Amino acid sequence: SPKAKEFLLYVNLNQIAKSESHKLADYVAIFKKYSTDPILLDAFEKAFLVNQESLKKVVNEVVLWDVNKNKTTLEEVLQQNKGKVIYVDFWASWCGPCRAAFPASRELHKKYPEVVFLYLSTDANFEAWKKANAFEQLDANSYLILNNKTSEYLLSLKIDFIPRYLIID
């Protein structure tokens with residue numbers, strides 16, 4: 001049926017968005033040609049931040065968003081915490097080992113209150129990250145990386161797998 005076809009296109013578009021975000025605008029345009037359901041398209045555009053494609057392509061800095069969609073950069077966060085030890089946790093909502101480590105991270109946070117704990121998500125889906133972020137109670141110093149596939153800095157760190165942790169002194 002047309003509704004089933006449209007839903008299957010939507011499911012495939014979600015898979016593409018998670019793996020090939022650099023071509024997302026092209027695929028969204030194709031989906032718009034075949035979709036008559038504005039609710040599906042609106043949900044997708046909100047989840048995958050379709051309107052932020054230019055920020056996803058930035059190479060010379062790490063672009064971050066908080067849960068309220070306020071933009072900042074890793075450099076700005078580091079400057080705000082200059083002189084402090086920063087524990088950086090790279091994670092994603094879909095990563096079981098990442099989420100299983102959060103209780104230990106909370107214990108470290110209690111043991112070392114002088115350390116800044118920074119949680120950076122590599123999620124492609126903003127809504128999934130936002131939900132997991134709330135569940136894990138990571139409101140402070142937690143951001144979604146918009147350009148994790150293009151940032152030269154992140155590429156130089158070879159963040160190929162998660163969980164991944166860094167200490168910035």
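Phe7 is partly exposed, with a relative accessible area of 46%. On the wording: buried means under 20% relative accessible area, exposed means over 50%, and partly exposed is in between, with a 1.4 Å probe and protein chains only. Phe7 sits in helix α1, which covers residues 2–19. Helices (H or I, at least four residues) and strands (E, at least two) are DSSP runs, numbered from the N terminus.

Before I go on, this is a predicted model: local features need pLDDT of at least 70, side-chain atom pairs count only at pLDDT 80 or more, and totals for chains, interfaces and linings use all residues. Residues are numbered from 1 along each chain as its sequence is written, and side-chain values use heavy atoms, with hydrogens and water left out.

Back to Phe7. Together with Leu8 and Val11, Phe7 makes a nonpolar patch on the surface, and the three have about 270 Å² of accessible area together. A patch takes residues with over 30% relative accessible area and no salt bridge; like charges are joined within 9 Å, and nonpolar side chains (Val, Leu, Ile, Met, Phe, Trp, Tyr) within 5 Å. The areas come from the Shrake-Rupley method with a 1.4 Å probe, and for residues only the protein chains shown count as cover.

Next, the charged pairs. Side chains of opposite charge can pair when their charged atoms come close. How many salt bridges are there? The count is three, where a salt bridge is a side-chain nitrogen of Lys or Arg within 4 Å of a carboxyl oxygen of Asp or Glu.

One of them joins Arg99 and Glu136, at 2.9 Å from N to O. Arg99 is in helix α6 (residues 96–100) and Glu136 is in the loop between α8 (126–135) and β5 (142–145), so this pair links distant parts of the chain, 37 residues apart. Is Glu136 buried or exposed? Glu136 counts as buried, at 6% relative accessibility, while Arg99 is partly exposed at 23%.

Glu136 also forms a salt bridge with Arg106, with the closest N and O atoms 3.7 Å apart. Because Arg106 lies in helix α7 and Glu136 in that loop between α8 and β5, the pair ties together parts that are 30 residues apart in sequence.

Lys110 is exposed at 63%, and Glu107 is partly exposed at 48%.

Now the pocket. Arg106, Lys110 and Glu136 are among the residues that line the second largest pocket. Helix α7 (102–111) and strand β4 (116–121) each supply at least two lining residues, and α7 gives the most, with three.

Last, the backbone. Asn141 has a phi near 55 degrees, a positive value in a residue other than glycine. A cis peptide bond joins Ile162 and Pro163, with omega about 0 degrees.

Note on methods: On a 1 Å grid over the protein atoms alone, a cavity is a set of points where a 1.4 Å probe fits but cannot get out, and a pocket is an open set with protein on both sides within 12 Å along at least five of seven lines; lining residues have an atom within 4 Å of a point.
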